[in-house]
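Here's a walk through a two-letter set of chains, taken piece by piece. Keep the viewer open and follow along.

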Amino acid sequence: MSGATEPAVTVADLWTSELRYRINATQILGGVDVSVRSGRVTGVLGPNGSGKSTLLRLIVGALPPSSGHVHLMGRDVARLSRRERARRVAFVEQEAHAEVDLRVRDVVLLGRTPHRPAFSGDSAADLDLVEASLRRTGALDLADREFATLSGGEKQRVQMARALAQTPRVLLLDEPTNHLDVAAQLQVLALVREVAAAGTGVLMAIHDLAHAATVCDDVLVLDAGVVAAAGPPREVLTPDLIAAVYGVRAEWVDGEHGSALVFSPLLGGGSARQERTMSAEAFRL
Amino acid sequence: MTRTDLDGGPAPGTADPGPYPAGARKPALSSPGRTRAAMSRSVLLWLPVAVGVLVASLLVSLTIGPAQITVAEIAGSAWHHLLAWLHGLGIGVDVPPNPLTQIRDGIVWAGRAPRLATGAFVGAGLALCGGVMQAITRNPLADPYLLGVSSGAALGAVAVLLLGLGVALPVAAFGGALLALGATLALAGIGGALTPNRTILAGIAVAQACSALVSFTIFASARGDAYREIINWLMGSLAGRTWAWVAIAGIATVLIGFIVLAFGRTLDAFAFGDAAAASLGVHVTRTRWVLLTLTALLTGALVSVSGAIGFVGLVLPHVVRLLIGGRHLRLLPVAAFGGATFLIWADTAARTVFAPQEVPVGILTAAIGAPVFAWLLVRSRRAA
């Protein structure tokens, strides 16, 4: 991991302190601290419903936190305007968005929204930036296509270009490899590394533990809205932790092209997770 | 997969210090493909076309009617009135004679012209409202009447026409529209946050309640000619509109139109949903309520002038989006001019096709709009 060879002691571009989110009495996220550093990819892992998307949405300002703070370049985002925040943090969601009547170029141009006055046209600098962003994500040849006609992998690259055109210090990605075939997954992950290498901090929710272990410099494992573990992936993603959080047995297997995780169901019927929730049910009864 | 597979990009040490260093090389911007595609959607191409078609439509439909009046006569008469007006201001110009007799002059400038102008402003306003509503609710079926505004206006109008409420009809219709909007927002807000879906459902409930009241009032108290009058109003009609009505529709459409246009870029940011809009720096909730309120006010003003004319606000934005794409700074002005042109021709047909009988123009907009909408539906199914 490149993370192990770069022990840079820098102030994080973005960090959260005790970030909480609740809907009525239900706690969705309970006091999460995470930091994102320039040039590094931080993965957010966890089972479905563990709060990964909520964490990203709180950071980007799509949801208001119930308590806690988000610090961006050393400033509390509560003191920034929405546009100021949007100039520093970009966000790519996981949805497919079939019904969008925009050309690819216009989609990428949306990234300039927080940088432009409402009534202005598109400046030459904006159009140059759109072109450069499309080139960086390998989507330049798609520029004049209708966004709705693209494949899943192409859409993802265009959304990444849109986020880059926002010229963010921190890029948030929600499951960027979701619904993609394996080649498109690898392309997107390679792109994520390139973006980080150019100096942007990346925070990425991701399901695939093996991908996370390969791509991320650090990972944060969420379980039911709280941090179960955090650190370099090979230290964090131990068989014990995976069994405790996901309820499956996992094993690191070293192969010719690196190491991979192999999963199998936990023996003895119910998973650890199921057993734990069952015992919680029993306690409530 | 190995890290070397993934690390295709420059190593951190050799990478650019920032994402976009000063003096970055200019990418080649003009490939032939881009120029062509950009042209076919350029607002510089479509806006003059839309304005030209509207002006031509206005001139031609001024000549259509029982009295035979040519474009040349109308142009001469307009020139006469313009110079007479300048003369009246004390500017020394020679006023040429009016090619139209006084009666024919009246037919053009007191009869046809204000009716056409009302239709143009109402059509433009409805298309604008439809385009905005579809963007902020992300619902392709959204139209200006979504929040019960038209049913409320109808209730106000019926109260005047049938129950003899002692206020002017447009005032009562506008009041009814605002009351319906208030009821919709209040209903949607009970016991929870105002979400777009709850708002639309509340609008449907309010619209149904108002419609039931309107039908009952008609059933209980309409006699003889009142039926025709009320049906005319409910179906939408531009018959007998004077310059006073033009002023109401014109001021509302131009004023709110410009405000809405200032939100053009913001509306684009809604294309990928609320979270994406928020991540682009848009205040999602505030923007949605400002725009919903503005469009409801404009719709209320338009309904009070013309009755509820359907399908213009629903179909026109879709057609224009198909032609020039979904960027609202282009879409909204072109849709407005398109809506104006569409309603002018629908109304010209309404007053001539079954002459001397007049058909309520709403019947014609529906008769044209419904097949167009069906065609759009079939087309989008093929594309998907």
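In which sense do strand 8 and strand 9 (residues 201-205) of chain A pair, and over how many bridges? They run parallel, with five bridges between them. Strands and helices here are DSSP runs numbered from the N terminus, E of at least two residues for strands and H or I of at least four for helices, and two strands pair if DSSP finds at least two bridges between them. Before going further, bear in mind that this is a predicted model, where local features need pLDDT of at least 70, side-chain atom pairs count only at pLDDT 80 or more, and totals for chains, interfaces and linings use all residues. Residues are numbered from 1 along each chain as its sequence is written, while chains are lettered from A and ligands numbered from 1 in the order in which they are written.

Back to strand 8 of chain A.

Strand 8 of chain A is largely enclosed by the rest of the structure, because five of its five residues are buried. Buried means 20 or more other C-beta atoms within 10 Å of a residue's own, exposed means 12 or fewer, and partly exposed lies in between, with C-beta atoms placed from the backbone. Val170(A), Leu172(A) and Asp174(A) point one way from strand 8 of chain A, with Leu171(A) and Leu173(A) pointing the other. On strand 7 of chain A, Val89(A) and Phe91(A) go one way, Ala90(A) and Val92(A) the other, and all are buried.

Leu172(A) turns up again in the largest nonpolar core: of its 180 residues, Leu172(A), Val108(A) and Val192(A) touch the most other members. Such a core is a set of buried Ala, Val, Leu, Ile, Met, Phe, Trp, Tyr and Cys residues joined through C-beta atoms within 7 Å. Its largest share, 14 residues, comes from helix 5 (residues 102-137) of chain B. Chain B itself has 16 helices and zero strands, and 43% of its 384 residues count as buried.

Now for a couple of loops. His179(A) lies between strand 8 and helix 7 (182-197) of chain A, and its phi is near 65°, positive in a residue other than glycine. His179(A) is partly exposed, with 14 other C-beta atoms within 10 Å. Ala224(A), in the loop between strand 10 and strand 11 of chain A, also isn't a glycine, yet has a positive phi of about 50°.

Finally, zoom out to the domains of chain A: domain 1 covers 9-232 and domain 2 covers 238-285, with bounds from an automatic or database domain assignment. Their C-alpha centres are 29 Å apart. The contact (C-beta atoms, placed from the backbone, within 7 Å) takes ten residues from domain 1 of chain A and seven from domain 2 of chain A. On the domain 1 side, helix 8 of chain A gives the most, with four residues.

Methods. Contact = placed C-beta atoms within 7 Å.
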